[in-house]
Amino acid sequence: MRRYLKNRWIRIAIGLLIVGSVPLAVLALLAIAVPPAAVAFPIGEVFWLVTFWPAVFLLAAGIVQVRGEK
């Protein structure tokens, strides 16, 4: 596990997942607490859409890179 966390691509992917998921989680909690207010803030969904797929590709690239090292 330590080998994977030392890889730059994997760290960037984890950071992107956090940056994209936290606003989406806040938006989900806001939708539970105050439903009309959640519709007014679509920025969480946009962050998630913009960061999720690049994070998946970077994570895959990092895993392939770490597995290729000997």
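A residue is called buried when its relative accessible area is under 20% and exposed when that area is over 50%, with partly exposed residues in between. By that criterion, 17% of the 70 residues of the protein chain count as buried in this structure, which is a predicted model. The protein chain contains four helices and zero strands, and its radius of gyration of 16 Å is well over the 11 Å that the globule rule gives for 70 residues, so the chain is more spread out than a compact globule.

**Fold and dimensions**

- Followed along the sequence, the secondary structure of the protein chain reads α-α-α-α.
- Taken along the principal axes, the box filled by the C-alpha atoms of the protein chain is roughly 55 × 20 × 10 Å.

**Surface and nonpolar patch**

- The protein chain exposes about 5400 Å², and carbon and sulfur atoms supply 76% of that area.
- Met1, Leu5, Ile14, Ile18, Val22 and Val26 together make a nonpolar surface patch of about 590 Å², to which helix H2 gives the most, with four residues.
- Met1, one of the residues of this patch, is placed in the segment before helix H1 (2–6), and Met1 counts as exposed because its relative accessibility of 73% lies over the 50% cut-off.

**Ile32 in helix H2**

- Ile32 belongs to helix H2, which covers residues 8–33.
- The relative accessible area of Ile32 is 70%, and Ile32 is therefore classed as exposed, since the cut-off for that class is over 50%.
- Ile32 and Ile43 are eleven residues apart along the chain, and their C-alpha atoms are separated by 17 Å.

**Confidence of the prediction**

- The average pLDDT of the protein chain is 87, and 93% of the residues score at least 70.
- Among the parts of the protein chain, helix H3 (residues 35–39) has the lowest confidence, with a mean of 73, whereas H1 has the highest, at 93.

Definitions and conventions:
Residues are numbered from 1 along each chain as its sequence is written. This is a predicted model: local features need pLDDT of at least 70, side-chain atom pairs count only at pLDDT 80 or more; totals for chains, interfaces and linings use all residues. Side-chain values use heavy atoms; hydrogens and water are left out. Helices (H or I, at least four residues) and strands (E, at least two) are DSSP runs, numbered from the N terminus. The radius of gyration is taken over C-alpha atoms; the globule rule is 2.2 Å times the number of residues to the power 0.38. Buried means under 20% relative accessible area, exposed over 50%, partly exposed in between (1.4 Å probe, protein chains only). Accessible areas come from the Shrake-Rupley method with a 1.4 Å probe; for residues, only the protein chains shown count as cover. Patches are made of residues with over 30% relative accessible area and no salt bridge: like charges are joined within 9 Å, nonpolar side chains (Val, Leu, Ile, Met, Phe, Trp, Tyr) within 5 Å. A salt bridge is a side-chain nitrogen of Lys or Arg within 4 Å of a carboxyl oxygen of Asp or Glu. pLDDT is the predictor's confidence in each residue, from 0 to 100.
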